[in-house]
Amino acid sequence: MQLSQHFTLEEFTKSQTGERLGIDNMPGTSALDNIMVLCARVLEPVREHFGPVHINSGYRGPELNKAVGGVATSQHCLGQAADIEVSGVANGDLAKWIAENLDYDQVILECYRKGQPNSGWVHVSYKTSGNRKQQLTAAVINGKMVYTPGLNT
C-alpha cells in the first residue's frame, strides 16, 4: 500500500524481530491515518530536501513494541513516529534540519556519537495537534537510555 508519493506501508511495518517471532504488525485505521500524516508532514519534506529516507523503525504494534523493548507509551505504537536515516547525511545534521524547518512533536538524536556522523539515528514524531517541538539527545549510559534536552551534535 502506498502511503505517500515515496513511502509504503511495508517500509513502516517491516521488522526483523517481528518476522522472526511471527508477530502481525499491521496497524489499525487510526494508526494508519497517523502514519500517512507523518509521511506527508515530515518524511516527504525530508526526502524532498535530502533524497531517499531509510526507515529503521516505523509502526510497532503493542506486541512488537514489547518484543523490541519499547516503552508502552511509544509514539511508534500510534503510528506517529519513525526512526530514520538518510545515506550520506550526518544524523546530527538531519536532526537539526528537521528541528529548524518542520513542525514535529519530538526530534531525538539517538545513540549519536560526536565525530561519527553516521552513528545512531533520528527519531521523529508528529501529532495532528499539540506538537511539543521537543528536541532531545538520547544515549545509553550504564545500560539505560538517558535523554537530555537539546540536540547535542
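How do the residues of the lining of the largest pocket divide into nonpolar, polar and charged? There are seven nonpolar, eight polar and four charged ones, where Ala, Val, Leu, Ile, Met, Phe, Trp, Tyr, Cys and Pro count as nonpolar, Asp, Glu, Lys and Arg as charged, and the others, Gly among them, as polar.

Keep in mind that this is a predicted model: local features need pLDDT of at least 70 and side-chain atom pairs count only at pLDDT 80 or more, while totals for chains, interfaces and linings use all residues. Residues are numbered from 1 along each chain as its sequence is written, and side-chain values use heavy atoms, with hydrogens and water left out.

**The largest pocket**

- The largest pocket holds about 480 Å³ of space.
- Of its 19 lining residues, Arg60, Val71, Ser74, Glu110 and Tyr147 are the closest to the centre.
- A pocket here is an open set of points on a 1 Å grid over the protein atoms alone, where a 1.4 Å probe fits, with protein on both sides within 12 Å along at least five of seven lines; lining residues have an atom within 4 Å of a point.
- For the volume, grid points are joined across faces, edges and corners, and the space filled by probe spheres set on the points is what counts.
- Strands S3 (106-110), S4 (121-125) and S6 (144-149) each put at least two residues into this lining, and S3 gives the most, with three.
- Strands (E, at least two residues) and helices (H or I, at least four) are DSSP runs, numbered from the N terminus.

**The second largest pocket**

- Next comes a pocket with a volume of about 400 Å³.
- It is lined by 16 residues, and the closest to its centre are Lys14, Ser15, Gln16, Asn56 and Ser57.
- Helix H1 (9-13), helix H2 (16-21) and strand S1 (54-57) are the elements that give two or more residues to this lining.
- S1 gives the most, with four residues.
- By class, this lining has six nonpolar, seven polar and three charged residues.

**Salt bridges**

- Searching the whole structure turns up three salt bridges, each a side-chain nitrogen of Lys or Arg within 4 Å of a carboxyl oxygen of Asp or Glu.
- One of them pairs the side chains of Lys14 and Glu19 at 3.1 Å, N to O.
- Both Lys14 and Glu19 are exposed; exposed means over 50% relative accessible area, buried under 20%, and partly exposed in between (1.4 Å probe, protein chains only).
- Lys127 and Asp105 meet through their side chains at 3.8 Å, N to O.
- That pair links distant parts of the chain, 22 residues apart: Lys127 sits in the loop between S4 and strand S5 (134-141), and Asp105 in the loop between helix H5 (91-101) and S3.
- Asp105 also forms a salt bridge with Arg132, with the closest N and O atoms 2.6 Å apart.
- Arg132 is in the loop between S4 and S5 and Asp105 in the loop between H5 and S3, so this pair ties together parts 27 residues apart in sequence.
- Together, Asp105, Lys127 and Arg132 are linked in a network of salt bridges.
- Asp105 counts as buried because its relative accessibility is 0%.
- Lys127, at 23% relative accessibility, counts as partly exposed, and so does Arg132, at 47%.

**Glu110, a buried charge**

- Glu110 lies in strand S3.
- This residue is buried yet has no salt bridge, and the nearest side chain of opposite charge, Arg60, is 7.6 Å away.
- For charge, Lys and Arg count as positive and Asp and Glu as negative; His and the chain ends are not counted.
- Leaving aside neighbours within four places in sequence, Glu110 is in contact (heavy atoms within 4.5 Å) with Asp83, Gly120, Trp121, His123, Ala138, Met145 and Tyr147.

**Helices H5 and H3**

- In H5, the buried residues are Asn91, Gly92, Leu94, Ala95, Trp97, Ile98 and Ala99.
- Their cover includes helix H3 (29-50), strand S2 (81-85), S3, S4 and S5.
- Leu32 is found in helix H3 and counts as buried because its relative accessible area is 17%.
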